Amino acid sequence: MTPLRVRWLGRVRYADALALQTALWSGTDDHLLLLEHPPVYTLGVRADPAHVLVDPASVGAELVRANRGGDVTYHGPGQLVGYPVLSVPGRRGGGMADTVAFVRSVEQVVIDALADLGLPGATREERHPGVWLGDRKVAAVGVRLSRGRSMHGFALNVDPDLSMFGHIVPCGIRDRGVTSLAAEGLRVDMRAAVDAVAARAAERWGRRGVERQDVAWRVASEDLAPFSRGEVGGATPVRLTRRLAEAGVSRGLTIGERKPSWLRASARMGSEYLSLKRTMRDLSLVTVCEEAGCPNIFECWAEGTATFMINGERCTRACGFCLVDTRHPE
């Protein structure tokens with residue numbers, strides 16, 4: 001029995017997130033994917049294309065058809081999107097009763113999370129799925145239930161550009177408005193919203209426990225290793241300095257000072273090492289060995305072994321002993 005796997009993925013293109021959902025849906029484990037999308041308008045299976053009022057490209061957005069319920073909606077930065085990919089109790093293959101009950105559970109997760117964040121009074125409506133503050137929708141809900149497994153989910157407006165909703169008829173509803181936490185006077189950052197939703201989802205769907213992992217939240221340029229900024233040598237890595245300070249290490253040997261003999265590793269820069277180094281340069285490979293600041297590089301390269309990343313120079317792991325650039329991959 002596996003736990004509910006909660007993942008904060010950062011900003012992900014809609015098509016990529018859909019591909020990931022589809023792959024997870026074909027399995028049996030339970031997942032909750034939390035993320036933001038770049039600007040995109042999505043059309044549900046019953047959407048009226050006339051509800052898209054402008055050419056999406058003219059406002060910097062994509063237009064994508066989705067296999068969820070509902071009409072047209074908008075996703076973009078500042079909006080927390082949640083995709084529960086779950087095995088839903090009920091008749092195998094689902095049915096109207098199963099789908100309605102699941103939609104209600106998704107709405108309740110958002111309603112409870114909003115109360116935790118300091119915005120009580122959110123409600124649901126029988127005729128219009130989603131989460132409402134009076135006549136203003138603060139979260140859209142659209143799901144697909146098939147063979148007892150769920151896809152798609154909700155989009156909570158934390159602080160998106162609300163003008164993007166003016167280019168569509170949101171969810172096909174002409175006489176209601178759209179709002180956000182920020183527009184209602186509640187200023188919370190995305191991380192706080194993610195934490196609130198994850199906690200409430202764990203209560204409702206984590207019947208076998210919860211396992212949460214996030215991609216790196218810090219993406220400021222000062223968090224990058226000098227190697228990633230093109231500074232191959234000379235500067236003390238900013239992230240190393242910060243981690244030492246956080247660990248309470250205020251005094252110690254500098255990078256340039258001579259270490260005790262028992263701490264020093266022999267630098268084996270013989271012909272084998274130099275041959276592999278030439279290969280790395282000839283192929284323009286960015287190695288983990290160099291970027292991580294690994295002290296064992298001479299030993300490994302002398303034995304003909306080097307490690308490199310095949311999908312770019314960023315890593316999502318953020319290991320405390322490694323200087324590799326840590327943030328969401330390109």
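**Cavities, pocket and rings**

Author: This is a predicted model. The second largest cavity holds about 50 Å³ of space.

Reader: Which residues line the second largest cavity?

Author: The lining splits by class into five nonpolar, one polar and two charged residues. By name, the lining is Trp-132, Lys-137, Pro-170, Cys-171, Ile-173, Arg-176, Gly-177 and Val-178.

Reader: How many cavities of 30 Å³ or more are there, and what is the volume of the largest cavity?

Author: Rolling a probe the size of a water molecule over the atoms shows where empty space is left. At 30 Å³ or more, the structure holds two cavities. The largest cavity has a volume of about 70 Å³.

Reader: Which elements give two or more residues to the lining of the largest cavity, and which has the largest share?

Author: The lining has 13 residues, and Thr-73, Lys-137, Ala-140, Asn-157 and Phe-165 are the ones nearest the centre. S5, S8 and S9 each give two or more residues. The largest share is four residues, and it comes from S8.

Reader: What is the class make-up of the lining of the largest cavity?

Author: Charged residues number one, and polar residues three. The nonpolar count is nine.

Reader: What is the volume of the second largest pocket, and which residues lie closest to its centre?

Author: The volume is about 690 Å³. The lining has 34 residues. Closest to the centre are Gly-69, Gly-70, Pro-129, Val-141 and Gly-142.

Reader: Which element supplies the largest share of the lining of the second largest pocket?

Author: Four elements supply at least two residues each: strand S5 (72-75), helix H2 (96-117), strand S8 (136-146) and strand S9 (149-157). By class, the lining has 15 nonpolar, 11 polar and eight charged residues. The largest share is seven residues, from S8.

Reader: Now the rings. How many aromatic pairs are there, and what is the geometry of Tyr-74 and Phe-165?

Author: A pair of aromatic rings is described by the distance of the centres and the angle of the planes. The count is five aromatic pairs. For Tyr-74 and Phe-165, the centres are 5.3 Å apart and the planes stand at 80°. With planes over 60 degrees apart counting as edge-to-face, this pair is edge-to-face.

Reader: Why does the pair of Tyr-74 and Phe-165 tie together separate parts of the sequence?

Author: Tyr-74 lies in strand S5. Phe-165 lies in the loop between S9 and strand S10 (177-178). The pair therefore ties together parts whose separation in sequence is 91 residues.

Reader: Are Tyr-74 and Phe-165 buried or exposed, and which cluster do ring pairs build from them?

Author: Buried means under 20% relative accessible area. Tyr-74 has 2%, so Tyr-74 is buried. Phe-165 has 7%, so Phe-165 is buried too.

Reader: What is the geometry of the pair of Tyr-273 and Phe-298, and which helices hold the two residues?

Author: The centres are 5.4 Å apart and the planes meet at 45°, so the pair is tilted. Parts 25 residues apart in sequence are tied together, because Tyr-273 lies in helix H5 (residues 271-282) and Phe-298 in helix H7 (residues 297-302).

Reader: Where is Val-215 found, and which residues is Val-215 in contact with beyond its neighbours within four places in sequence?

Author: Val-215 is found in the loop between strand S11 (210-214) and helix H4 (238-246). At 12% relative accessibility, Val-215 counts as buried. The C-alpha atoms of Val-215 and His-328 are separated by 6.3 Å, though the residues are 113 apart along the chain. Beyond those neighbours, the contacts are Trp-8, Leu-9, Gly-10, Thr-316 and His-328.

Reader: And the whole chain: what share of the residues is buried, and what share of contacts with a separation of 6 or more joins residues 24 or more positions apart?

Author: The chain has seven helices and 11 strands. Of its 330 residues, 43% are buried. For the contacts, the share is 69%.

Note on methods:
Residues numbered from 1 in each chain as written. Predicted model: local features only at pLDDT ≥ 70, side-chain atom pairs only at ≥ 80, totals over all residues. Heavy atoms only, no water. Buried < 20%, exposed > 50% of the residue type's maximum accessible area, 1.4 Å probe, protein only. Contact = heavy atoms within 4.5 Å. 1 Å grid on protein atoms, 1.4 Å probe; cavity = no way out; pocket = protein on both sides within 12 Å on 5 of 7 lines; lining within 4 Å. Points joined across faces, edges and corners; volume = space filled by probe spheres on them. Nonpolar A, V, L, I, M, F, W, Y, C, P; charged D, E, K, R; others polar. Phe/Tyr/Trp six-rings, centres within 6.5 Å; stacked < 30°, edge-to-face > 60°.
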